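This report describes how parts of one protein chain are placed against each other.

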Amino acid sequence: MDLLELMEWLAERGVTTVFKADGDRMVERRTAWMVIVSGGPLGEDSFFRADLATADACLESLLAHLEARGLSPFA
């Protein structure tokens with residue numbers, strides 16, 4: 001499953017997802033990738049944000065968070 005498929009899968013379940021590459025941070029050689037998810041079956045108090053060095057790291061972090069909440073696209 002690629003990132004766009006995952007975002008669509010989450011949206012179909014009512015989860016809001018933001019995946020961002022920050023050009024200013026990248027130029028400054030700072031952590032440029034960010035993922036945020038909230039809502040839907042994750043609940044109101046389940047806001048999750050990860051700021052990491054690579055898109056893959058954000059994706060892995062997001063998948064681990066979803067698994068911990070009992071929500072997996074691979075189930």
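A polar contact is a pair of N or O atoms within 3.5 Å; within protein, one atom must be able to donate a hydrogen and the other to accept it. The side chain of Ser72 reaches the backbone nitrogen of Phe74 at 3.1 Å. The model is a predicted one.

**Helix 1 and helix 3**

Two packed helices are described by the angle between their axes and the distance between the axes. Here helix 1 covers residues 3–12 and helix 3 covers residues 55–68, and the two pack at an angle of about 30° with their axes 12 Å apart. Angles under 35 degrees count as roughly parallel, and helix 1 and helix 3 are therefore roughly parallel to each other. The crossing of helix 1 past helix 3 is left-handed.

Which residues of helix 1 and helix 3 meet? From helix 1 come Leu3, Leu6 and Leu10, and they meet Leu59, Leu62, Leu63 and Leu66 of helix 3. Sorted by class, this contact of helix 1 with helix 3 has seven nonpolar residues, no polar residues and no charged residues.

**Ser72**

Ser72 lies in the segment after helix 3. Its relative accessible area is 14%, so Ser72 is buried. Besides reaching the backbone nitrogen of Phe74, the side chain of Ser72 makes a polar contact with the side chain of Glu67 at 2.7 Å. When residues up to four places away in sequence are not counted, Ser72 touches Trp9 and Glu67.

Arg25 is part of helix 2, which spans residues 23–27. Is Arg25 buried or exposed? Arg25 counts as buried because its relative accessibility is 17%, and buried means under 20%. The side chain of Arg25 reaches the backbone oxygen of Thr31 at 3.1 Å. Leaving aside neighbours within four places in sequence, Arg25 is in contact with Arg30, Thr31, Ala32, Arg49 and Asp51.

Met26 is also found in helix 2. With a relative accessibility of 43%, Met26 counts as partly exposed. Not counting residues up to four places away in sequence, Met26 touches Ala32 and Trp33.

Arg29 sits in the loop between helix 2 and strand 2. Arg29 is exposed, with a relative accessible area of 77%. Most residues other than glycine have a negative phi. In Arg29, a residue other than glycine, phi is positive, near 60°.

**Leu42**

The loop between strand 2 (33–38) and strand 3 (48–52) holds Leu42. This residue has a relative accessible area of 5%, so Leu42 is buried. What does Leu42 touch, not counting residues up to four places away in sequence? Val15, Val37, Leu66, Arg69 and Leu71 are the residues that Leu42 touches on that count.

**Separations between residue pairs**

The table sets two separations along the chain beside the C-alpha to C-alpha distances.

| Pair | Apart in sequence | C-alpha to C-alpha distance |
|---|---|---|
| Met26 and Ser46 | 20 residues | 28 Å |
| Leu42 and Arg25 | 17 residues | 29 Å |

Both pairs include a residue described above: Met26, in helix 2, and Leu42, in the loop between strand 2 and strand 3.

How values were computed: Residues numbered from 1 in each chain as written. Predicted model: local features only at pLDDT ≥ 70, side-chain atom pairs only at ≥ 80, totals over all residues. Heavy atoms only, no water. Axes fitted to C-alpha atoms, helices over the stretch in contact; angles between N-to-C directions. Helix = DSSP H or I, 4+ residues; strand = E, 2+ residues; numbered from the N terminus. Parallel < 35°, antiparallel > 145°, perpendicular 65-115°, else oblique. Left-handed = near helix turned anticlockwise from the far one by under 90°. Contact = heavy atoms within 4.5 Å. Nonpolar A, V, L, I, M, F, W, Y, C, P; charged D, E, K, R; others polar. Buried < 20%, exposed > 50% of the residue type's maximum accessible area, 1.4 Å probe, protein only.
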